[in-house]
Structures are given as C-alpha cells and as structure tokens.
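Dear colleague,

Please find below the sequence and structure that I am handing over to you. My notes on what was found follow directly after them.

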2 protein chains.
Amino acid sequence: MAEGITLEELQLAARNHGLPLEALRWDLTPIGLHYLLVHYDIPRVDPEAWRLEVGGLVERPLSLTLDELRERPSVEVAVTMECAGNGRARLEPRPISQPWLLEAVGTASWRGTPVSSLLEEARPLDGALDVLFTGLDRGVEGGEEQDYERSLPHAELMGSDALLAYEMNGVPLPPQHGAPLRLVVPGWYGMTSVKWLSRIAVLEAGFDGYQMRQSYRVRQEEDEPGEPVSRIQPRSLVIPPGIPDFLTRPRVVRPGTRVLEGRAWSGEAEIARVEVSTDGGATWSAAELGPTTLGRWAWRSWTYPWDAEPGDFELCSRASDAAGNVQPLDPPWNLGGYANNAVQRVPVTVTS
Amino acid sequence: MAEGITLEELQLAARNHGLPLEALRWDLTPIGLHYLLVHYDIPRVDPEAWRLEVGGLVERPLSLTLDELRERPSVEVAVTMECAGNGRARLEPRPISQPWLLEAVGTASWRGTPVSSLLEEARPLDGALDVLFTGLDRGVEGGEEQDYERSLPHAELMGSDALLAYEMNGVPLPPQHGAPLRLVVPGWYGMTSVKWLSRIAVLEAGFDGYQMRQSYRVRQEEDEPGEPVSRIQPRSLVIPPGIPDFLTRPRVVRPGTRVLEGRAWSGEAEIARVEVSTDGGATWSAAELGPTTLGRWAWRSWTYPWDAEPGDFELCSRASDAAGNVQPLDPPWNLGGYANNAVQRVPVTVTS
C-alpha cells in the first residue's frame, strides 16, 4: 500500500506537514504541530499596506486595517480542522496530490470577528447568493494561474460560526496559517478556510472558480460534475501507545492495563460514540467519551482501558456521529482522494 | 530521481517537517516552519517533576529544576540547524530513512545557559574525556530499544558556544523542539543537539551507543567503521522566485530584472562566497553577500540581480566557506545518506 510515492508527491509532503499522532494528547495543538497545507507559497504580506476589502453586491463596501478589525466584536472558538485530502495516500489507485496518510488534522483556538456581523455591516443587497473569499497566495493549478479563492453560500454563512481570525492559540496568527487574517469555517474541511485573506465579495451567482469547479469535488470520473466537498466526515484517531520503531513505526508495548487514548470529531453532527478494536476491526468495544469542554467544533477525547497481553495486535477506533454517520472499514475512493475517513490501523507488539 | 518512495519513508515525511523554501526569507525562522526531526515520539514531560541531572565523572553532581537553570548565566545565539540527512532523497541508490530533499534546515534564536559553565560548576575530574547527553525520547532503532543519546568530546564542549536552551525565538521551547530543555551545538548537524534533555554524564571513555557507533557515520559499506558525522558542510539555497505550480512546483516568473535571494551557511568556517548559475551550473556569477548581523552561527543572506528573459532556466547557487569547502555539483553518496550538500536546482519558466 502507498508504495511508489513520486518525487512530486514527496516535494509536497516535505513542504506541508501533518500532526505527529502523539500530539493528539493536547486539547489544543501546539503551533508547529497543527497540520499545514499551503497550496502555493506563503505570500509576502506588508502588514502596514494590507487591507481587507469587502465588496461586490453590498450597499456599503469596506476597506479595513487589521487594527480596525480588532476593534470589532470578537469571538474565540476551538476548531478541529482537517484537510479534505487526509487519507488520500491510503487509496488504491492513489490520487496524485499531497500524500496524506492520517495526520492532516489539528485543533486550535481561533480568535477573530464573526463573518456574519461583518457581512451585516456591509449590508448585502437583495439577490446576495454566494460569498467569495480571496487569498494572497498565487500559483498555477490545472494549467490556470490563479489566486487561491473559494466561496460559501451567503445563507450558510449568516447562520454559521465562521470567523475572520487574527489569533491562533492566543498569539498573532503565524505566517504559515494565514497572517494577518484568515477565514475559519468550523465543521468544514480546511480548503474552505481561506488563508492570507485580502478580499470578500458578495455575489449574485455561485462562484465557479477552479477550487470550486475542478478541485474539491467528489467524483468517480473526470467528466462528471460530482458533489462539492463540504463538511468533515466523522473520524477518530488513537494515540499510538508504547514506543515506536524509528523507521517502520510499529509500536512496542509492555503488558498490563494500558489506557488507550484518542480523539474523535465530525463536522456533520456531534460525536455520539467511539468504539475500539484490538483485532483489526473483527470485534469492537465502546470507548468512554471525554468532556465536551472544548465545544461543538473541536475534537472530543476518548479513553479505553486495554488489558494488553503478550502478542501482536492491530488497534483501530471507529467514530459515529449523532446524524448516523459511521467511519467505514474500507476507504471510500474518489478521483481527488477526498474525505477518506476509513478507520486507522496501528500495529502493536506487546512484549512478554 | 527519488521515484518509488515507500510507505515507511512517507510515514516519516508526514510526521517530520521541512522548511518551505519561501520561508528562507525570514532571518529567524517562525516557529512551525523550522525543520523538525523527531526520532521516536515527542515524549510526555511533567515540568514539575522534570530535573536535569549532571553526573558521571564529576566532583559535584547536580540536579536542577528549570527555574534553577534559568537563574544561571544566560546567552542568546542565532543558530542555523540542519539535519545530517538533508538531501538524502536525492541520492541514488537512496538510503532508506527520513526522505529529505533540501528543506531540513531552519534558523532560530536560542536562549539558555552555556554548557561549559554548567560543566565547570559540576567540576569534571581528571580523565574526563567525553560528555553524554540523554533525551527522554525512547524507541527502537536497528533492533535496539534505546533512549536517544549522543556524546561530544569534553575538550570540544569546553571551547564551544554550545548551550542548554529553554527559549526559542523569545518564547518557551515548544514541545516538539525539546521542552523543557535541549542541547544546541552551533555548527554541528542537528543530531548532536539532543532534545528533551534529562541527563548529562561526564565519561572517561568515548560513548559508543547506537547513535554514535551505528547511525551518523559516513561510510560506503556496512562493515567499515567510517567517519562520524559532525560539522555542517557548506550549503546555499535560493528562494524559488515567482509563483509555483501546485503539484509539480516549477516556477513561473515574469520577465524583467528579478533579484534572486537566498541563504548560505557552513559549520566548518564562515561563508566566503556564493555563486549563482541560471543555466544549471554551466556558468557561474558572484552573488552579493548580506550583512553578518546574525552572527557566526547563523546563515547569511545573499542577493543576485537576474535579468530574466523569456525561456526555460535552471537556477543553482553554490556556497564556499573560508576553509576552502565548496558545494559539489554531484551528490556525495554514503550508506546513511548524510551530508549531501550538492547544489539545489530550481526549474523556472520566464513567460514572454
């Protein structure tokens, strides 16, 4: 599985980075351990010259400095963000792009001003249908030179907890996470949360740019329109117990009662249940869910006491959400390799 | 080149991370963009219970809390750190380990207490030859279960700028960079700068553990002892100009005078010269070196004005140090894939 990764995929894996799975132990992921996907380059931004422009189909266009945004009402929300391509490198045949295995996730506390209140301030006109967010990162993709930009339905945004964030975990937004300002859309895969935001435009028709029309669509064939990628599907991850082999990463665990720990999240609905298997998914037992103190949009911790006896095991966990979505055992394949939330498998040897 | 990366290598590339090359623009690498190699797992450390033990062949063993270390004399040094395996994935045949291409580097400002003064305080006895540094990260490597540990000659340390760092870029050491305390040895490849430091032991004989005897030796065959990897060989990197293709990363540049920028460093001696080629190394021109304000142990910036005319180019840079070491055009091969400082090649298309 995943043999034969190409130089191009490796170049992306070397620039972008995932969460080392032991870092699931922190409620809020320390800066530098949160997953990071930069489509093009981290742009050079002059904070003095930078403005957020809000325009398009609005009565009152805005042009705001970061200080002016900071003076507006602020909220702080813990959000688990996951890349839509997480799990891609486990698919066969493997879609060629950033080759994530399991680790494209992180949880941060984002502070900023609500998108809905800023849109209200700009007074969208009748007919406002879509809202376009444009970043300062520019590159070539699918042969098209483009700024990175994505849209969300106006109605969806007005009822959402989406925010324009200028702080992450209590410090100014780091450059790689979108400084000075980024969109954060709780519950949606990461491609929606446009970084290095420069412009918001209210539109009377759905935006049809590359990242909406071509990328981020679930389809089996190139010539079908497919369905847009949107909310995060349920997933859970186990913190690999014991100690690793440097190169191959299987785990060595001492016998005895070991409390397995992990996280579970879903953008569709609250986590309802996590189950654990130590035999590769043949049999399952319920894990105990931790507190909901991080709020609706962040992952939930879970624990499972495991009586580890000598032998070889394959640990798995499986999350279900309140809307009835359950992690599958087999990867759901699609052309772009999106939303593969198949259960994790952790090989473990318990020593005698 | 570098085709056929295995799942095991990809697992390492996904956990560890490099510096996206556009981040060479910062004198000090922002936290989260500095390269990171974690041999085993980031260990769980209880800061209340943690102590640094200094023992072995000393008159006065020490057991110190972090506060006690902070009360001692402190220094702050900007250090460019590079992984000894940087460039490994460009070698043929490719040594199987963390598959770095070019990006395993970063520069940080480290604050801490000098190793030499702490050793003096412990009063090494006659016969002190080697000093062993043991980290809290534990794993299996080459079939041996081990704590990560490396040593340095006592005489080398007493004359060096090595420090025990508790701050990085003005903030407490992040967990992934070795909190609460790490060794930083300026000028040496990163494997020397043991993270999550728990113990320093003065020895009367050279330490012969796995990371000295087996790893980090330059050799052509398994059965030769080889030479230990030590100081960073000269290297320079160009900040890729223009904009990238998302997947394949070649650059698109507009015609006109473009100032190419980059960094150069060497652990052997000061950087003496950087040359730039736009034709893949056939012809070279001198770049202008930037100021030395970051000090001896950090990279030096350089610039080169390029009159970019339409066409396809391959940009390269080549550093030389004051000891006469020059970056080679062809990768120097060895079994572990260490110290490959061959020149970078950046494909660029200048549009018409």
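Chain A has an average pLDDT of 97, and 99% of its residues score at least 70; pLDDT is the predictor's confidence in each residue, on a scale from 0 to 100. For the complex, the predictor gives an ipTM of 0.96 and a pTM of 0.97. This is a predicted model, in which local features need pLDDT of at least 70 and side-chain atom pairs count only at pLDDT 80 or more, while totals for chains, interfaces and linings use all residues. Residues are numbered from 1 along each chain as its sequence is written, and chains are lettered from A and ligands numbered from 1 in the order in which they are written.

Overall form of chain A

Chain A contains five helices and 22 strands. Helices (H or I, at least four residues) and strands (E, at least two) are DSSP runs, numbered from the N terminus. The C-alpha trace of chain A spans about 70 × 45 × 35 Å along its principal axes.

Of the 352 residues of chain A, 51% count as buried. A residue is buried if 20 or more other C-beta atoms lie within 10 Å of its own, exposed if 12 or fewer, and partly exposed in between, with C-beta atoms placed from the backbone. Among contacts in chain A with a separation of 6 or more, 73% are between residues 24 or more positions apart. Two residues are in contact if their C-beta atoms, placed from the backbone, lie within 7 Å.

Domains of chain A

Chain A is divided into domain 1 (7-228) and domain 2 (235-350), with bounds that come from an automatic or database domain assignment. The centres of the two domains, taken over C-alpha atoms, are separated by 27 Å. Where they meet, 31 residues of domain 1 of chain A are in contact with 24 residues of domain 2 of chain A. On the domain 1 side, β3 (75-82) and β11 (217-218) of chain A each supply at least two residues, and β3(A) has the largest share, with four residues.

The contact between the chains

Chain A can be laid on chain B with an RMSD of 0.0 Å by a turn of 180 degrees and a shift of 0.0 Å along the axis. That is the relation of a two-fold axis. Copies are superposed by least squares on the C-alpha atoms of residues with pLDDT of at least 70 in both.

The contact takes 50 residues from chain A and 50 residues from chain B. The elements of chain A that give two or more residues to its side are α1 (7-15), β5 (130-141) and β14 (243-244), and α1(A) gives the most, with seven residues. By class, the side of chain A that touches chain B has 27 nonpolar, eleven polar and twelve charged residues. Here Ala, Val, Leu, Ile, Met, Phe, Trp, Tyr, Cys and Pro count as nonpolar, Asp, Glu, Lys and Arg as charged, and the others, Gly among them, as polar. The copies meet through the same surface, because 100% of the interface residues of chain A are also interface residues in chain B.

In α1(A), seven of the nine residues are buried, so the helix is largely enclosed by the rest of the structure. The buried residues of α1(A) include A:Glu9, A:Leu10 and A:Arg15, and the buried residues of this helix pack against α1 (7-15) of chain B.

Local backbone features

A cis peptide bond, with omega about -10 degrees, joins A:Glu92 and A:Pro93; A:Pro93 is placed in the loop between β3 and β4 (105-114) of chain A. In chain B, the peptide bond from B:Ala179 to B:Pro180 is cis, with omega near 10 degrees. B:Pro180 is in the loop between β8 (171-172) and β9 (182-184) of chain B and counts as buried, with 21 C-beta neighbours inside 10 Å. Beyond its neighbours within four places in sequence, B:Pro180 has contacts that include B:Trp50 and B:Tyr166.

A:Arg123 has a positive phi of about 55 degrees although it is not a glycine. A:Arg123 is found in the loop between α3 (115-122) and β5 of chain A and is partly exposed, with 13 other C-beta atoms within 10 Å.

With kind regards
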